[in-house]
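Here is a short note on the model you sent, arranged as numbered points.

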Amino acid sequence: MTNSKMLMSLLCFALAACSPEQAPEFCRNHALFHDEHLDSLASLNITMTKEGIIRSELSIPISVMAGVPSELLEDSHEVYSLQTENECVTSSGTLEETHDSVAASYESNCGADNKIGQLDILLFETLPSLNEVEVTVTTPVTQKHFAINRQCDRAIFRLD
Amino acid sequence: MAPNKRSDESRSLNSILKFFAAGSDAPRIADPAEIDRLYHHYRRNVIFIITLGYGLGYVCRLAFNVVKKPIMDAGIFTPEEVGFIGSMLLYGYAAGKFSNGFLADYANVKRFFAVGILVSALLNFGMSLSTVVGVSAMLWALNGWFQGFGAPSSVVAMGNWFSNHERGRYYGLWSTAHSIGEGLTYLGIAFLIAMPPKGLGLPWQWGFWTPAAVCVVAAFLLYRYLQDRPQTLGLPSIAEWSKDGSADARPGEHDASRIWKDQLKVLAIPSMWVIALASSSMYITRYAINSWGNVYLQEIRGFDLFDANLFIFLNTAAGILGCVAFGYLSDKVFDARRPPANLIFGLMELVPLLVIFYGPNNSTVLAIALIVYGFGLSGILASLGGLFAIDIAPKRVAGAAMGFIGIFSYIGAGTQDYISGKLIYDSEIRVVFSIGENSPTVYFYDYTIPIIFWVGASVISMLLAASLWRVKAHD
């Protein structure tokens, strides 16, 4: 280790020692572990359009289902709920099942002038064996990619 | 109230006023060579220390901007609350710059400046302890007021030690302090807060503790090295020493009623009101980029906290050159006329803004645009933010002119912060993951309307400044 790296590590350590509560080490350094559990990850892609349409695509390893019937995921209310100014029309989910994963997709039409305030993702309640989901959310102006882990109280943005 | 108690209080107030009051004239030094030597020595000290002191002190003003996103992400404050707290500093600063501008004309600026920065340090420390909107807003408003000790003190010090025909250059040099402070904040504080490997990943509280420590050092340096009026050191006034008839620095004898009359004259100059409005509009854009620019770059462009602040730093670093270039260009090329330089620098500010918000999502293009923007903005800042006003005001009341422009500028900046926060918050979409007691939440915002507000303010500022094309300096 070079002197400057050692000095930096010492500085981090000294500063962290007298800092307010830190996130658990696993959550802070998640990038170090992320590659190791890619096979057991669920993924969720959400796209919101200018027209107020919300499309969601979900993919879950079969091992995560752990006794939960896959048909349950046809009901979008088991996956997400919306808090909007006016009501949205949500069609029932389409389901595709292979030997190692379950894929589901959903669409809600909220209308262009509707105000979407909150999207509640209920996956962790529906699937007790789910530990982590990798999420991509695309809005008309931006895109965010992150992971949500059951052990961490915040989204993890640095994945590699 | 008992007479004894009243007289004790009166004595306390008098001793406070005496502590801050400008010193009386010392017996004049007879040796011209010694006068020259001392003048050169103190002028060098004064310009260096007001630039350094103001730059370091600035860190205590900006820290909140860097920790905005971590605070929002942690769910401590919403964007609207963050905007409200941010606006409180700017309103406090507006009030401080105005009242302190008037007070600074009577003050021993070394004490005045140092105390302001010291109290600001304490208030930053207080901010690290608060997660209550009302308390944070109050602390931040007070911080704004005490931050308002700095600019008038610096301007008065420049009025005392530098003549009219060199003020553009020295004002430009001093204006680099804004960029020094912004650079220290957007790089240094961001380094502490950003996640490893780019930063130390420290909690947001460090974003207040470190500035507090920096400001304690700044206060000490100011108290140690800044000087009161030349006459208090046995030197002639700057007008007499520089043989610059137009220098008209503050009178040797401290004629309070005359100063007050001249201060009121500032309000009767129509161009002063136009400069104030132009500055106010320019400050909307300036503080929009300073306060929300790094949040925008993280939210919309997808940069991490360190990179986003690095981009903002580029604009402030370029600003150092912009200030100096403006002073030189307007003094030397346009013979101390500010309007032509205002137009050139105004365009250099506006065009890159369009590239930043509507241009391609390319890091190099963004970096170049921010550099040119920072260069242009700092020139305009030096001019509309004070230099142009000092030019057309009676010179003995430079502090009041600065205070007058300051109150407008910071009302614009403060209103911007609140409006921007509200507009951003109105667009908020929360994606909430329910996990037992935890609910990790990711926030999404749309900056379309705030951007129109920020760019529009810049256009208005440029048009107002251009309307003063024929205005000349008051000698």
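**Notes on the model**

1. The crossing of H7(B) and H14(B) is right-handed. By class, the residues where H7(B) meets H14(B) are four nonpolar and six polar, with no charged residues. This is a predicted model, and the remarks below should be read with that in mind.

2. The geometry of that pair is as follows. Helix H7 (residues 164-193) and helix H14 (residues 363-392), both of chain B, pack at an angle of about 115°, and their axes are 10 Å apart. The two helices, H7(B) and H14(B), are therefore roughly perpendicular to each other. On the H7(B) side the contact is made by Gly168(B), Tyr171(B), Gly172(B), Ser175(B), His178(B) and Ser179(B). These meet Ser378(B), Leu381(B), Ala382(B) and Leu387(B) of H14(B).

3. Helix H3 (residues 79-104) of chain B packs on helix H15 (residues 398-426) of chain B at an angle of about 175°, with the axes 7 Å apart. That makes H3(B) roughly antiparallel to H15(B). The contact of H3(B) with H15(B) is made up of 20 nonpolar, 12 polar and four charged residues.

4. Still in chain B, Phe357(B) deserves a remark. Its place is in helix H13 (residues 339-358) of chain B. Is Phe357(B) buried, exposed or partly exposed? Phe357(B) has 17 C-beta neighbours inside 10 Å, so it counts as partly exposed; 20 or more would be needed for a buried residue. Leaving aside residues up to four places away in sequence, Phe357(B) touches Ile451(B) and Val455(B). The C-alpha atoms of Phe357(B) and Ile452(B) are separated by 9.5 Å, although the two residues are 95 apart along the chain.

5. Chain A contains five helices and eight strands. Read from the N terminus, its elements follow the order α-α-α-β-β-α-β-β-β-β-α-β-β. Of the 160 residues in chain A, 23% are buried. Among its contacts between residues at least 6 apart in sequence, 59% join residues at least 24 apart.

6. Six strands of chain A form an open sheet with mixed pairing, in the order S4-S5-S2-S1-S7-S8. Strand S4 (89-97) and strand S8 (143-149) of chain A stand at the edges with a single partner strand each, so one side of each has no neighbour in the sheet. From one strand to the next, the twist averages 15°. Strand S7 (residues 132-138) of chain A pairs with S8(A) in the antiparallel sense over seven bridges. Val137(A) stands opposite Lys144(A) in S8(A).

7. Between the chains, 28 residues of chain A are in contact with 22 residues of chain B. Helix H1 (3-17), strand S6 (116-121), helix H5 (123-126) and S8 of chain A each supply at least two residues of the side of chain A that touches chain B. Which element gives the most to that side? S6(A) does, with six residues. By class, the side of chain A that touches chain B has 14 nonpolar, six polar and eight charged residues.

8. Strand pairing also links the two chains. S6(A) pairs with strand S1 (residues 429-433) of chain B in the parallel sense over four bridges. Within this pairing, Leu119(A) has Val431(B) in S1(B) as its bridge partner.

Key: Residues numbered from 1 in each chain as written. Chains lettered and ligands numbered in written order. Predicted model: local features only at pLDDT ≥ 70, side-chain atom pairs only at ≥ 80, totals over all residues. Buried ≥ 20, exposed ≤ 12 C-beta atoms within 10 Å, placed from the backbone. Contact = placed C-beta atoms within 7 Å. Axes fitted to C-alpha atoms, helices over the stretch in contact; angles between N-to-C directions. Parallel < 35°, antiparallel > 145°, perpendicular 65-115°, else oblique. Left-handed = near helix turned anticlockwise from the far one by under 90°. Nonpolar A, V, L, I, M, F, W, Y, C, P; charged D, E, K, R; others polar. Pairing = 2+ DSSP bridges.
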